[in-house]
Amino acid sequence: MDRLVKRILPTSIAVGTGLLVLLGYLLPVPPLASVRDELIRWAVIIAAFAFILGFFNLLRVHSGRARKPGGIYSVILILTALTSLVLTLAALLIPSLRFLGDWWFRYVLSPLQATVAGLIAFVLAVAAFRLLRHRREAGVLVFLVAALVVLLGTLPLPAPAGNWLANLRTWWMNVPAMAGMRGLLIGVGLGVLLVGLRVLTGSDRPYSD
Amino acid sequence: MIYCPKCGTANRQGSKFCNECGAPLPATGLRCPMCGAMNPAGNLYCDRCSARLIPAERVPPEEEKPERPSPPKGISLPSVPLGEEEWLSELRAEALDLAPEEETPGWPGELEAPSEPPTPEVTIPEWLAELEVPAASPTPEAQPPEAAIPEWLVELEAPVAPPTPEAPPPESAIPEWLVGLEAPAAPPAPEAPPPESAIPEWLVGLEAPAAPPAPEAQPPEAAIPEWLVGLEETVPEAPPPAEKPTPPLAGIPVPPSGEIPEWLRDVEFAPPIQEEPSAQPPPVAEVDVHAGMPSASTTVPPILVVGEEEILSTAPAEIPDWLKEAPAEAPPEYGGLVPAEIPEWLRPLQPREGVAVEEEPTETEGFLSGLRGLLPIGKGLDMPATAQPLLPRAPRPAAVARAELLQGLLSRPLITPPTAEIREAPRQSGWVLTRFLVGVILLAAILLPMLVRLPLFGPPTAPTAEALFATVNHLPGNTPVLIAWEYGPAESDEMDRVAGPLIEHLLRREARLIVVSTRMEGPAAAEALLASRLVDPSERSERIANLGYLPGQAAGVREALGNLGGRTEAMTGLPASQLDIMADVHSIADVGMVVILAAQPDDLKTWLEQISVANPNVPVVAGVSARIELISTPYLAAGQLRGMVAGLTGGAVYERQLDTGWGREYEYYLTSLGMAQLAIAALTVIGALIFLVGGRKR
Amino acid sequence: MTSILPWLLIIIALGVLLWTAIRARRGPVPSTRPLPAFDGLPAELGHSAESGAPILFTLGSGTVGGDRTLTSIAALETLEGVADAAVAYGTPPIVAVGDPTILPLAEDIFLRAWNRRGTPERYNPTTVQFIGIQPTVYAAGVADLLLHERAHAHVLIGSMDEEAALVTHAAEGRGIPQSVAADRLPALGAVYPADARLAIGEELYAGPARIAALPRYIRSLRAQDVLRFLVVFLILMKVLGLW
Amino acid sequence: MTADLIGLIAGTLLTLLVLSYILGDNPLYRLALHMLVGATVGYGVAVTTVTVLQTVLPALQSDSPDRVRALIPLVLGILLLFKGFPRWSAWGNFSTALLVGVGAAVAMGGALVGTIIPQTAAVGSLNVWLREGSAGLINGLIVMIGTIGALLAFAFAVPRQPALRRLWNGSVGVLGQMGRLFLLAALGAAFGTALTASLTVLVGRVYAVVTGIQQLLTLIGMSSG
């Protein structure tokens, strides 16, 4: 019984649904395609419950951390999370309260998120500066050149240099970089394919012991 | 597979020499000394009984460099908990390895020639640091046990290469214990007369005792909270012990031999004390040959002692058995847990632990590294307090003991300490400086154009954007345009500048905008931009329908494309079918144009794929982030995209064509961006030169 | 032709898997090329056990159930490869996940590991931590963990984009060793300059094979190689206009 | 208006706090960051739950077939919540199994239909390049060779027989080495584009702070004057 719940049923569910969905992709004929979409819809709904799981994990982790030195941040995090939850729910469910959610989104969520995204530029700049400190292969020069070409190629620099750089950038994007990108994509595709086969043949069971 | 120790190449099982470099390869199989099972080369622990196969010291030096491909199986472990007899036999085996009976001959010799041992001296300082004790000047009585230590070690090394971590702590501890124990000794006094009476002599006889429990007592993760508690508690309690020491010291002159019988009695009757197995060696030395064996073997139980009350108290219970050499009875002993004792034992010891943690990373001595391997204290400290509630008051002792034993066996140092220290290296000042300078330069480059106007760059050029402008310009009025709004606030600073002009152009063309998004923040981000670009807000209802968030990636898109009318307007909550502008729009088939505003490659791909299936004829254009320009260009070349605005530059070009009131802002943006790009390019080149010339710092 | 190809690829892959499985009875498991990013992990675990500070695993934000599922699965299998040892050493890692759907799967790994040790009660529900949904926010959160929890080493394996640079930057600042395995171009571009042992693209999917060395993993690598040459062959066919 | 004023102040302030990370990790940044983490998670949970409820509830009230279709995922979703309690964790396996199964198939489908086949075809179709004349053809060849090289650069197996190995190193090995360079060319380009994109965002934030402060100053000026 235990084994049934813990392994046999889950495995059959995973393999069964997986094969159905894959079939839907490879033979997109009406019945199969609709079954595929139905199963995917289920997955989406289940994934939504995972959010609740995640939310409580977050609360648990940080309520634990709140008692340790520096816990103030965790306290703030929890408070913000709850505020955000309440405001957004209110905005989504009660049209008259929409302005609350909008305000929160516009003046708290957006600036914070955007600025953190902006920090990426900074860390990348630091990384660029230290590039040759860590990478000592010949290829690093290719990387360096590529980065510079792409970086400067967008600049509206004065005529001759500017145009030349822009063209070089375009060529680089469409030829060498394209080649590398395609090789990478195809390779990753193969990797995905094989892991997928392991899962769909039930030899990998990340969902059970 | 055997991995070549020289070049790391994987070679066929059984090969004698490496295919790559011809270097001789280590023997194929290792026979487990415990259970005799054959194990693949590279196993550190027997797959069957988990006994250590390769003595810690014989681990090849390459192990230090993480670069070396160490055998993956090296960390494979038996996936079933070990059976009782197995672990017990393991323990006994340990005993045999660790404690050759020959010890005893050694001891007398020591007693004659006392106090030269370097090893204890080495270890003392650390302990001093932690126990703030004047061990520097060892009292004469101290010497016999101290003197004993080196011999001990010699004995130890002889049979089994590594002084296993468990073994060292007791020895290395001994010296300062004569001082260190003073504190612990005191508390028990009031509560438990028999132990208390015992402690003094036993203290006199040998100062070794409680040191082992100190280290041993630290649970890998469990008991930490208790420790923390302990830290507070003990502070007040420190003084009382302080007075106590004198009696033991007074007792010292008495010849040790006198105590032995007494001591043995104590061992039998007073659980608390026996906690110090390593207490035995010295008396053993003075008494009988047999004791030599138990003495050594008892160095193992401490591993079991993980600071959980249950375990702690079991350890003492065990010792009698070991003396009797009837290990089989050990489990039953778990019944005889005496929780009462624990607090006394733990409290005096705890504060030291607290200190010890801080010292840890700095330790290099073999012993202490062994110690460290044994007790991952720091771990415990930074594991959240939640670890404690998890531990039931009474875990199944056998199971815990087994786990702890394995724990002890497994956590012997695999790698020599020095490397471990490099790991703990603090951030280099160079790093902080670099970071700061880059930051300042970057900010300066961005801010400058906003403060002073720099006519630095010419007008931006972006042919694709111009092409797109033409396409949109020919859009007949009142065309329903589906907009896939695939960006959130994280990208909106860039994407709003990309999408803004395009959206405004569409609005000018009197198009009907139907907005959907597979990003949960998409709809809100869309509203923000639309509000800023919509000249007359009252027009919104007949210009814009925000159909909100489509969960489920491709499937969600597919569904939506098939049934736009079935959705609800995100802002007003009205069903789309009731909106005037959606009156004649039921699916993708009724849409005149699709605009994909994407900041992520997958989003663009998903939409293009789905649209090409649902309605291949509808013209698709895109506004994309500079980040995915590379990935988007193929679609443009393949004709799947009829036009594209990429990045701020594209947006700026489009804005110029459209000539709205936003030109100024774009100018700021472009100049700042240009300056920043130049700055970073310069930094990159400078950095490259610096590190080429300066070479790598590490 | 184009509609047959997917089937062709799948069938050939399965064929190779089967064939190698049969061949595995006689003849040893084929060897695969070393990947420093993963081969360093066991040693790193040793260091971690010694210093008592856990390794921090960043599993990325690839939703299980979405089109990045298998990247996350490969990452999880790699994690499972080290879980037993980490648990036995008494220093289970900190696992930072960026999507709630990865959370239960990652937690299961450690539940199982502790069960195998015979001490399920030692499982710590905060071993796996859900940091945040939005990729950038997740990355920043992990970076903060790296800077302020006492992590001994950092392993990034999973589906991320250029925000990964935030994480590697933090690890570099702490001066702790890190391995990075990513399969998406933006992430790879962003982390290449970092001080990390790098596994590029499909090398990520070889993680389980390098860590756990289970025959089925190695076999699937073998199949992957066969398909690789098949693709090259297809490209040439296309050039010659035969497809 | 006041709400917007407060918002403006709050937004500008928070932006500044986060930007302070550039000068070094500091408590103010951590404060803002933790707020952000909390805010996004709260927002995400709210949006997803509401969206799902909006899709599931109507179906539940409708007639039988739809109700069943809505009920199954709902039950599985609730089972998934058991994962929160180690003791009952096993009951969530059904849900995770479905997620893994479906997800694996979706990813495989995408890889096969969306990536491997089309990309392979694209690499092979030199005729497209030919449209741009001989230069185009050369570019096409470069792309083809580069792609093949990059693909071979990943080859995992290493032949054991010395002879084979020499052959391998001579052919696949060389191509692979070349392929690595193309990979790095792509990585570098990705780095450049990512940098440009995020720089734009950073510029946007700095601009937002500057304008925000300007607006505040003018407002204060108006209120005072």
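Start by selecting these residues of helix 29 of chain B: B:Gly522, B:Pro523, B:Ala524, B:Ala525, B:Ala526, B:Glu527, B:Leu529, B:Leu530 and B:Arg533, the buried ones. Buried here means that 20 or more other C-beta atoms, placed from the backbone, lie within 10 Å of the residue's own; helices are DSSP runs of H or I with at least four residues, strands are E runs of at least two, and both are numbered from the N terminus.

You are viewing a predicted model, in which local features need pLDDT of at least 70, side-chain atom pairs count only at pLDDT 80 or more, and totals for chains, interfaces and linings use all residues. Residues are numbered from 1 along each chain as its sequence is written, while chains are lettered from A and ligands numbered from 1 in the order in which they are written.

Now show all of helix 29, residues 522–533 of chain B. Nine of its twelve residues are buried, so this helix is largely enclosed by the rest of the structure.

Next, display chains A and D: their contact (C-beta atoms, placed from the backbone, within 7 Å) takes 97 residues from chain A and 101 from chain D. Highlight helix 8 of chain A, which gives the largest share of the chain A side, 19 residues.

Key: Expected span 1.5 Å × (residues − 1). Contact = placed C-beta atoms within 7 Å.
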